[in-house]
Amino acid sequence: MSKFRVTLNILALAIFTLTVAATAQAQATRTWVSGVGDDVNPCSRTAPCKTYAGAISKTADKGEISTLDPGGFGAVTTTKNITIDGTNGAGFGSILASGTSGVIVNDSLTATPNTIVVTLRNLSINGASTTAGSGIRFISGKTLIVENCVISGFTGTGSVGRGISVELSGNSPKNVFVKDTNITNCTTGIRIGQTSSFVAAVLDNVNIDAVGDQVAGTTGVDLAAGGFAVVRDSVISRFQNGINNTGGANSGARVIGSTIFSNGNGINAGASQAHVSSSSFLGNTAGIALAGGSVLTGCDNFFAGNTSDVTGGGLTNQCVK
């Protein structure tokens, strides 16, 4: 009888060990997708998955999904720390998000909400000019990093139609970094906002061009309540409002070395404050429109070809003598 029990214990231990090993294998630190992969695969380099959604379930927290070759790898939602890399090299990772959002970042239902850090790199996210969904929705998490991406074709209105939609809540500060990225043919290029607290965004070398030429209701960078953005070395063109800085006293913009071109209002400043330096306002209906807010300006901005350089009041001169 004792030998039987020993045998059962050994068998149970073996089963437990195999289960742990299988679980560890299923959660690899680096996984791979390919246009000719299959989501039943373990997502290894030699047996890649077909979609980002298939790979993310097999990728460990703080892991990375890499892309072996060109392909369309589908919309994906992440609830954990992850890097998704379209991998400039053999190809460029594509997400066709017709009628839906391309990437959703949302850890709100996890044990530790508002903690994940998500990096999206070298991706093309295409909404196919449908009126539902946004390119990237940041609903809950700590930090979103977007590098060298192309986002286009999200043409809805209201809470959709945004290249990047930051729609956070909670009481802790959050961060967004967007670098070397093109956002085109979207109703709103980037919307930054957070209820109850504060989200800071840095937009560095970002090109944002509209769905049409100064179409009503379009915005390049929309700073809602709690939204603050540094816009550096970027171009914003052809929106009704290039930068809509109207989120109230707890929102604002810092525009540095950027070109604001052919918008209705280059900056629409309402009940918020913007600081502008080393920037050009070219061919706008109003370079800067003051609508209850204020704009502090250095001596080094350039205005040319606008119907009016400034409307609704005067700028606050911050020239250093």
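This report describes the sheet, core, cysteines and aromatic pairs of a predicted model.

## Basis of the description

The model is predicted, and local features are described at pLDDT of at least 70, side-chain atom pairs at pLDDT 80 or more, while totals for chains, interfaces and linings use all residues. Residues are numbered from 1 along each chain as its sequence is written, and side-chain values use heavy atoms, with hydrogens and water left out.

## The parallel sheet

Ten strands are arranged as an open sheet with parallel pairing, in the order 4-7-10-13-15-17-20-23-26-29. Strands are DSSP runs of E with at least two residues, helices are runs of H or I with at least four, and both are numbered from the N terminus. Two strands pair if DSSP finds at least two bridges between them. The edges of the sheet are strand 4 and strand 29 (308–311); each has a single partner strand, so one side of each is left without a neighbour in the sheet. From one strand to the next, the twist averages 20°; axes for such angles are lines fitted to C-alpha atoms, for helices over the stretch in contact, and the angles run from 0 to 180 degrees between N-to-C directions.

Strand 4 (residues 76–78) pairs with strand 7 (residues 103–106) in the parallel sense over three bridges, and T77 stands opposite I104 in strand 7. Strand 7 also pairs with strand 10, in the parallel sense and over four bridges; here V105 stands opposite F138. Further along the sheet, strand 23 (residues 265–269) and strand 26 (residues 286–290) are joined in the parallel sense by four bridges, with A286 of strand 26 as the bridge partner of N265.

## F138 in strand 10

F138 belongs to strand 10 (residues 136–140). With a relative accessible area of 0%, F138 is buried; buried means under 20%, exposed over 50% and partly exposed in between, using a 1.4 Å probe and protein chains only. Leaving out residues up to four places away in sequence, F138 touches V105, T143, L144, S165, V166, E167, L168, N175 and V176, where contact means heavy atoms within 4.5 Å. V118 is 20 residues from F138 in sequence, and their C-alpha atoms are 9.6 Å apart.

Beyond its neighbours within four places in sequence, I243 is in contact with V221, L223, V231, I236, A253, V255, I260, G266, I267 and N268.

D204 also lies in strand 16 (residues 199–210). D204 counts as buried because its relative accessibility is 13%. Not counting residues up to four places away in sequence, D204 touches V178, K179, D180, R232, D233 and S234.

## Cysteines

The structure has one disulfide, the term standing for a pair of cysteine sulfur atoms within 2.5 Å. The disulfide is formed by C43 and C49, with their sulfur atoms 1.8 Å apart. The link is left-handed, at -70° about the S-S bond. C43 is buried at 0% relative accessibility, and C49 is likewise buried at 0%.

C149 is buried with a relative accessible area of 1%, and C186 counts as buried at 1% relative accessibility.

## Aromatic pairs

Rings of Phe, Tyr and Trp (its six-membered ring) pair if their centres lie within 6.5 Å; planes under 30 degrees apart count as stacked, over 60 as edge-to-face and the rest as tilted. By this rule there are three aromatic pairs. In one of them, the rings of Y52 and F73 have centres 5.2 Å apart and planes at 50°, so the pair is tilted. Y52 is in helix 2 (residues 52–56) and F73 in the loop between strand 3 (71–72) and strand 4, so the pair ties together parts 21 residues apart in sequence. Y52 is buried at 0% relative accessibility, and F73 is buried at 1%.

The rings of F198 and F228 also form a tilted pair, with centres 6.0 Å apart and planes at 40°. F198 lies in the loop between strand 15 (188–194) and strand 16, and F228 in strand 18 (residues 227–232), 30 residues apart. F198 is partly exposed at 35% relative accessible area, whereas F228 is buried at 18%.
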